[in-house]
Amino acid sequence: MTAKYWFPIAARRSLLALWLLAVLPSGLVSVSAAEPTGVEPDPIVQAAETRRIEAINRAMPSAVSVFIPGGGGGGSGVLISPEGYALTNFHVTSPAGTFMRCGLSDGRVYDAVLVGLDPVGDLAMIKLLGRDDFPYAELADSRKARAGDWCMVIGNPFLLATNLQPTVTWGILSGVGRYQYPAGTLLEYADCLQTDASVNPGNSGGPIYNDEGKLLGVVGRCSFEKRGRVNVGVGYAISINQAKNFLGYLRSGRVVDHATLGATVSTDPDGGVVVSNILESSDAYRRGMRYNSEILEIDGRPVSTANEVQNIMGTLPADWRVNVAFREDGKTVRAPVRLMSVHRQDELIEKMGSALPPPPPVPDEPPKDDPKDDKAPADIPEGKAPNGDLPGQETAAKSKKKRSIPEAASKLIEERRGFANYHFNRLEQQRFLTQLLKPFGDEKSQFNRWQLSGKTATGEDCTLLVRDDEFAMEVGQFVFEATNKNELFEAIDRNLIAGVLPALDAWRTMLRVGPKSFGETYYKGTIPLAGERPLRDCTVGIYGEMEVRWLMHPETGVLECIEVMADSDTDPAELWVTWNGDQVSSLELRYGTEPVLQLSVQQWNRGGAAE
Amino acid sequence: MIRQLLDLYWIRPALAPVSCRQTRLTPRGSNLKLNVCKPLACVLTLLTGISFSHAQPPVDSDSRAIQTKVVKIYGAGGMKQLEAYQSGFLVSPEGHVATVWSYVLDVEPIVVLDDGRRFEAKIIGIQPALELAVLKIDASDLPYLEVPKNLTASWGDPVLAVSNLFGIAAGDEPASVMQGMIAGISNLDARRGTFKTAYNGRVLLLDLIANNPGAAGGAVVDATGQLVGMLGKELRDSGTGVWLNYALPIDALRVAIGDVIAGRTTTVPKESNPILKRDQSHNLTTLGMVLVPNVLESTPAFVDAVMKDSPASKAGLQEDDLILLLDGQRIADQQVLTDLLRRVDRRDAISITVQRGSEILPLRLRP
């Protein structure tokens, strides 16, 4: 009886090894049944059990039980940083708006605010408040996970964790690299994990850990079909590797979108995956991809079927630039390709509002209250839910009655259209400006007028001048002078070397006036630099009709590249900056992948006088 | 309150299964779009009859080894919660596939191997009382599960169930692996009427939620990777509404599978028998039965009426019986039945196997 009694579920990769353990002790069966206390457990079994208990103890503190104040429901989440940043599902935070309460297994309840939303990937970032030493999960490499690996899900199924003790369910990965279709274009689970560990309503947003207690992903979905809304042995989790791609984006406080290549693909019956349609305005097209090109690799992952392409694309954020290898006309091309976004920003916000039964967290109208005011900014618009028949809503609506958000939390909430919580973007903008100023110091007058001189790679003299309403350059015979930004726009559109000027001037202007006065400025998140990791901090500012992106190293904060986009159909100007300490030693201008100007900087006059 | 809690959790209804119809009507290799039309992704891989190496490195684990021996089967269905897919597993290196006998096999099914290769399969053996079918695909050197002589597993043993439940995997995507144990071994017939199934022998009761849509025909293996059973069709207790998780024990299936593999038995119609003259052979009238109107391309051989005092009525054939086998040959549809009757001397008795409700009955019709 008692194979059952003894059945160990151990932290072992090989099921075979494990099962042998399970079978071994069956000899003890009758003895153990008679005298359960008098038997020495098999040491192998005991060791396996100990490992499992250790893994659970390691994992448990980072599991979060999410509750929506006023009995509006809840779900689960998982802490990923000591400052309290935690991941959960978009569909968990969606009915909550911007404020929720979170319980940890230490028995305490913490206020939490919404940080960022990814409605397509069903991810949300929240921040728990009140500590800077939260327990947090160590992130695993979910690409290494395999079907058959032991795993566990810890969370708040059926919102049972009213005593704040989460529920642990144990199982194996039933499959990896799974694809589950989106509802329309939202809530797409690409390259996700499938588990037979019990996943039930309320587990949403919670962690799935591997057998070492490292975070493999975020549970969010099940196959139910005709058996009602309880576990039937098939749960899906967003892989932590997908989440890693989005962490920077989510930290920006934005509502973020997913990527598309700008091409459609199909699996070739003769093998391989080929382009079946491609937008001429796409960056892939500019890099030479054409109808019938064979795609070999995306972001370092080989692809051979259309499914694999979709699986990878579904895990990438909009506007990323990733390396793509393809074969066109007998030649293999490997180039960084800028991905497009699946939605226009307005479209995403609209869909977000109508995609789910619960009302969207971001009201359409601009914030009426001063954000600093501690009136509840997160009230859910009543009666906005499209499906009135869901019992969940009744309570959500009832709970609407002026629930007050504690001041500590409301200070951290700032609503703005297109953002989940603008407060966090503001923080990042400040960090950006600090980093941008670091090599120069605070003295504003040095940003009135910049004049650079140096030599090009071919030995020609080069001078550049930028100040308000005067932009000029001279390289050998080439002379360019402009007095307004439309001319600079032209220069980029025509891929002229004068594209260096708008980049330089945007840099100067940002330093001089800061993000508030620069024009619309926001922190975008982290993106690869020309397809390469580590992910760089990216801040975007609108400069005339152009969009400027500053890319900075995540650890040093050093500015590495300024990209200026004119027309979306043409390559942006990229100004690559090389530093020698606090001094810029050289600049390089690129369009696409081609360098068009290399300049070693000899002199950089940062004019004190405004004139 | 509970309902409300449940609704907190977002789910979507399952996706339209990749139905056989879709698969078959789409010309091979046609350029289907993907990015714009994501749902086609699965169809796309199905269409490719080519083997691709999986992008991931091979995994040295038991579950991976079992996955390579489990196949996806696509056939009839695709409406009213009748999924057009099920699972199966290879039982010989030459492409014999064991699976459950179900409506999915109402058409010649398509079998997709773990490596993504896609085959049109032949149904070469059915055993309605075991709910077993054996398919054959034209391939060789395949990884397969040995069908053991005896059932060595007993209750309490840990098992893996590998199947394509919910049709999650498509193309070269591996089948799903689930773990659990044998909770008990018991006869189903004690509860006849409770579970609507033709099978009334012993079953392995599983403590894992294995019997989901599309899982039927999946392999259940023990700790050593040895086959112990085949996941059965979904069964629901008509009294309590509880779904049963079970597998047919391999010892019950062994003889039937073995005979088909060895070529000792087949339910493929023997077209080698000569067609007799009309007035010498059997036909529906000589036997005294009327079938339902033959209005479909492939109309099942359902009995509409039985003539009084005819061989059919003496044998006990009844209205609404479905004729499955004639002298051991599978009656795929009415066309097959009338054709096979032309090959039987009308002085000879015939044996048929019929399905009446969930019962399987052998009948002997004497002229």
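# Exercises on a predicted model

In this predicted model, A:Gln429, A:Phe432, A:Leu433, A:Leu436 and A:Leu437 of α12(A) meet A:Met510, A:Leu511, A:Gly514 and A:Pro515 of α14(A). By kind, the residues of this contact are 7 nonpolar, 2 polar and no charged. The first exercise takes up this helix pair.

**Exercise 1.** Determine how the axes of α12(A) and α14(A) are oriented to each other.

*Solution.* 
- Step 1: Locate the helices. In chain A, α12 covers residues 422-437 and α14 covers residues 500-518.
- Step 2: Take the axes. They come within 10 Å and cross at roughly 165°.
- Step 3: Apply the cut-off. Angles over 145 degrees count as roughly antiparallel.
- Step 4: Conclude. α12(A) and α14(A) are therefore roughly antiparallel to each other. The crossing of α12(A) past α14(A) is left-handed.

**Exercise 2.** Find which residues are buried in α8 of chain A and in α8 of chain B.

*Solution.* 
- Step 1: Start with α8(A), residues 306-313. Its buried residues are A:Ala306, A:Asn307, A:Glu308, A:Val309, A:Gln310, A:Asn311, A:Ile312 and A:Met313.
- Step 2: Since 8 of the 8 residues are buried, α8(A) is largely enclosed by the rest of the structure.
- Step 3: Turn to α8(B), residues 334-341, where B:Gln334, B:Leu337 and B:Leu340 are buried.
- Step 4: Look down the axis of α8(B). The buried residues fall within an arc of 130°, so they line one face of the helix.
- Step 5: Recall the helical repeat. An α-helix has 3.6 residues a turn, so residues three or four places apart point the same way.
- Step 6: Identify the cover. The buried residues of α8(B) are covered by elements including β16 (289-291), β18 (322-326) and β19 (329-330) of chain B.

**Exercise 3.** Describe the surroundings of A:His553 and B:Asn150.

*Solution.* 
- Step 1: A:His553 belongs to the loop between β27 (546-552) and β28 (559-565) of chain A. It has 15 C-beta neighbours inside 10 Å, so it counts as partly exposed.
- Step 2: Leaving out residues up to four places away in sequence, A:His553 touches A:Arg536, A:Val558 and A:Glu560.
- Step 3: B:Asn150 sits in the loop between β7 (132-136) and β8 (158-163) of chain B. With 9 other C-beta atoms within 10 Å, B:Asn150 is exposed.
- Step 4: Compare sequence with space. B:Asn150 and B:Ala252 are 102 residues apart in sequence, and their C-alpha atoms are 9.1 Å apart.

Terms used. Residues are numbered from 1 along each chain as its sequence is written. Chains are lettered from A and ligands numbered from 1 in the order in which they are written. This is a predicted model: local features need pLDDT of at least 70, side-chain atom pairs count only at pLDDT 80 or more; totals for chains, interfaces and linings use all residues. Axes are lines fitted to C-alpha atoms, for helices over the stretch in contact, and angles run from 0 to 180 degrees between N-to-C directions. Helices (H or I, at least four residues) and strands (E, at least two) are DSSP runs, numbered from the N terminus. Angles under 35 degrees count as roughly parallel, over 145 as roughly antiparallel, 65 to 115 as roughly perpendicular and the rest as oblique. A crossing is left-handed if the near helix is turned anticlockwise from the far one by less than a right angle, and right-handed if clockwise. Two residues are in contact if their C-beta atoms, placed from the backbone, lie within 7 Å. Ala, Val, Leu, Ile, Met, Phe, Trp, Tyr, Cys and Pro count as nonpolar, Asp, Glu, Lys and Arg as charged, and the others, Gly among them, as polar. A residue is buried if 20 or more other C-beta atoms lie within 10 Å of its own, exposed if 12 or fewer, and partly exposed in between; C-beta atoms are placed from the backbone. The arc is that of the directions from the helix axis to the C-beta atoms.
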